Amino acid sequence: MTDTLLSVEDLVVAFPTAGGTVRPVDGVSFGIAPGEVLALVGESGSGKSMTALAIMGLLTRPGRIERGRIVFDGLSLADRSEAAMRAIRGARIGMIFQEPMSSLNPLLTIGEQVAEPLRVHRGLSRAAALARAAELLKLVEMPGAARRLHDYPHQFSGGMRQRVMIAIALACEPQLLIADEPTTALDVTIQDQILGLIRSLQRRMGLAVLLITHDLGVVAQAADRALVMYCGRIVEEATVAEVFARPAHPYTRALLGSVPDLAARTERLRTIDGQVPALDSLPPGCRFAPRCAMREAACERASPPLFDVADGVRAGTAATAACHRAACFRLHDEARVG
Amino acid sequence: MKLRRYLASRSFTVGAALVALVLLVALTADVVAPFDPLKNNYRLRLGAPGAVHWFGNDSYGRDVLSRVLHGSRLSLAIGAAVVVLVGVFGTLIGALAGYFERADNVLMRTMDGLMAFPPVVLAIAIAAVLGPSTVNCIVALAVAYTPRTARVVRAAVLVTRQSEFVEAARAIGASHARVLVRHVLANSMAPIIVQLTFVFALAILAEAVLSFIGVGPRPPTPTFGNIIADGRNYLAEAPWICMAPGVAIMLLVIGLNLLGDGLRDTLDPRLRLELK
C-alpha cells in the first residue's frame, strides 16, 4: 500500500482467563488510507471493539496486545508507553462511543467537556477553550451552539449528545476518527443524521474514519471499504460496492442473506444456523465451518488465509487497496477448477 | 440540586434542624452560657437543677449548662477535624485502591488489618499510646475511622470507573490523575458525603468514650465526654451532671444520623428504591 495512515499487522489481543488464554482478536491485518472510511463489520463479540481499543491503547487489564504491529502515521503504537499514547489519544486519534447517553460526564457542562481535549493537549486557557468549544458545537450543527455551552448532558437528547461526542473527538483536529457503533443507540432518523454529519465532516476535514458497526445499512450508507470480522479474524475485505454486489465469504453471504428484503414477500426471515462459538472453544479450522452450508473436510482441518477473490491466488503483500479478498478455501478451489 | 428535594426527606429536615441547633449553640456559647464553665464554686457543689442553675452544678460547683454549652464546641470541633482527616485520607486511599488495581491489594489489606479491631478500641489504644490531648484524640479517631471510609470510597470508585464517560475521558488523552479526580471521584461523591456524616456522629460518640476513660482532651476543658467523666462518681447523688451532656450527645448523634439518612435518600435514589 502506498499511502497508509494506520496499518495494523497480525494483531493479536489476548486475555488470560482461568480456563486459559482467549484471543478476541486473532491475527487481524488491515490498513486505512488518509481520508478513507473503513467499516469494520461483525457480530457482537467478533473483536471489532477490541481492535479499536487496542489501537487506542485502552485495553483493560488483563487484556494485552500479544503480537502484531500497529503503525499510525509512521509511529508504532503497540509498544508505546502510556504517557506517549496519551499524547496521541484525543489529539491525533479521536474516538466516539456507542452510548451517547452515558459517554458524557453528568456533572460537567457540555462546554467544559468539549473544551477538555483542548485544555489537555493544547494547553488552552479556560476562556479560549470554551470559545473554541462553541465553534466546534457549531461545526457539528448543534442548534444554538453558543447558548448551549453551559447546559448539562441531561438537557440534551441522544442525537444531540452524539453530536457533542463528535465535537469532543474532533476538537484537536485528529487525522483518524474511531467510531465504535456510533449510531447503534439512536433511532433510525437520528442515525441517518449522525452518519450524514460524520460523512460530511470527514470529507471537509480529510479525516480517516474507522467505523465499527454490526449494521450493514450503516456500512452501505457511510463507508468506502469494509472488513468483515468473525470470531477475531477478518474473513472478507473489499470495497463496499463489492461486498454488497459480490460477497465472497459464506459468512458475508449469510449476513447479507439475513437482511430482510422489503420488496419481496417472505414468510420467515433468514438466519444463520448455530451460534458464534465461544472464544475458549473455537473450532480448529475455519471458525465459521460449523455454521457454514458449504463446508468441506479441509475447512475443519486448517484455517483458510485470505485469498484474492478476483483470481483466487493467495494474496501477498503486494495487494492493492482496492483488492477484494476473503478467507475461504472454496475461492482457492474455484480458481483451480475455473 | 434543589433544596426542595432535600426538604422532601423528613429525616433530612429533622436531622439538619438538630445539627443546626447544636451548631448554633456551639457558636454562640460565649453569649448564651449564663456562667463561666471553668469557675469553681464549692458552696454550690453538686447543687440540684433550679431556677438559677438550670441543669444543676457539678462536683466543683461549676454550672453544668454552661459546661455543656461550651463542651459542644470542642466535641464538634473534634468531630469536624476527624471528618476532615478521614475525608482526605479515606478518599485518597479508597480512590487509589479502587482506580489502580495494582495498589488495591496493598492498601485494602492494610485497611483490613486496621479493621480487625473495633474502631473505639483501636482509638483508645492509639490515644493511650500517644497520651491524652485534643490533637492525639483527633489523630486516634481519624486512624480508627479511615479504613471503613476508604472501603466505601473504593466501592464507589469501582462502580464509577466502569462508566462509559470514564473510558471516553481516557480516549481524549486525559491523564489518570485528571480522570480520577474530575470524572471518577466527582461522580462518586454521594456515598462519600453520606459516609462522612456518619463518621461525624461516630467520632463525637467515640470522643466521649475517650474523654470518659481519660485519654481524650485533658480536663478541666469541657467536652461532652469530660463532663460525663466528672459526673460518673456522683451518679447516685447528682445524676444531672451526666444527664445534660448525655442528652446533648444523643440529640447531636441522632441529628447527624438522620441527616446522613436523608442525604443518602436524596443523593442516591437507587438506594431508596431498594430500601422500600
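Where chain A meets chain B, 22 residues of chain A and 15 residues of chain B take part in the contact; two residues are in contact if their C-beta atoms, placed from the backbone, lie within 7 Å. This is a predicted model, in which local features need pLDDT of at least 70, side-chain atom pairs count only at pLDDT 80 or more, and totals for chains, interfaces and linings use all residues. Residues are numbered from 1 along each chain as its sequence is written, while chains are lettered from A and ligands numbered from 1 in the order in which they are written. The model scores ipTM 0.84 and pTM 0.83.

**Where the chains touch**

- On the side of chain A that touches chain B, the elements giving two or more residues are helix H2 (82–88) and helix H3 (110–122) of chain A; helices (H or I, at least four residues) and strands (E, at least two) are DSSP runs, numbered from the N terminus.
- H3(A) gives the most to this side, with four residues.
- By type, this side of chain A divides into 12 nonpolar, five polar and five charged residues. Here Ala, Val, Leu, Ile, Met, Phe, Trp, Tyr, Cys and Pro count as nonpolar, Asp, Glu, Lys and Arg as charged, and the others, Gly among them, as polar.

**Chain A as a whole**

- Chain A has 12 helices and 12 strands.
- Its C-alpha atoms fill a box of roughly 70 × 50 × 45 Å, taken along the principal axes.
- Among contacts in chain A between residues at least 6 apart in sequence, 62% join residues at least 24 apart.

**Two domains in chain A**

- Chain A is divided into domain 1 (6–230) and domain 2 (251–337), with bounds that come from an automatic or database domain assignment.
- The C-alpha centres of domain 1 and domain 2 of chain A lie 28 Å apart.
- 10 residues of domain 1 of chain A are in contact with 11 residues of domain 2 of chain A.
- Strand S2 (20–32) and strand S9 (225–230) of chain A each supply at least two residues of the domain 1 side, and the largest share, three residues, comes from S2(A).

**A look at strand S9 of chain A**

- Six of the six residues of S9(A) are buried.
- Both faces of S9(A) are covered, with A:Arg225, A:Leu227 and A:Met229 on one side and A:Ala226, A:Val228 and A:Tyr230 on the other.
- Four bridges join strand S3 (residues 37–41) of chain A to S9(A), and the two run parallel; strands pair if DSSP finds at least two bridges between them. A:Leu38 has A:Arg225 as its bridge partner in S9(A).
- Six bridges join S9(A) to strand S10 (residues 233–239) of chain A, running antiparallel. The partner of A:Leu227 in S10(A) is A:Glu237.
- The hairpin of S9(A) and S10(A) has two residues between the strands, and A:Cys231 takes a positive phi near 50° there.

**Confidence in chain B**

- Chain B averages a pLDDT of 88, and 96% of the residues score at least 70; pLDDT is the predictor's confidence in each residue, from 0 to 100.
- Among the elements of chain B, helix H7 (residues 134–161) has the highest mean pLDDT (95) and helix H13 (residues 269–275) the lowest (51).
- Over residues 272–276 of chain B the pLDDT is below 50. Where pLDDT is low, the predicted coordinates should not be read in detail.

Notes:
A residue is buried if 20 or more other C-beta atoms lie within 10 Å of its own, exposed if 12 or fewer, and partly exposed in between; C-beta atoms are placed from the backbone.
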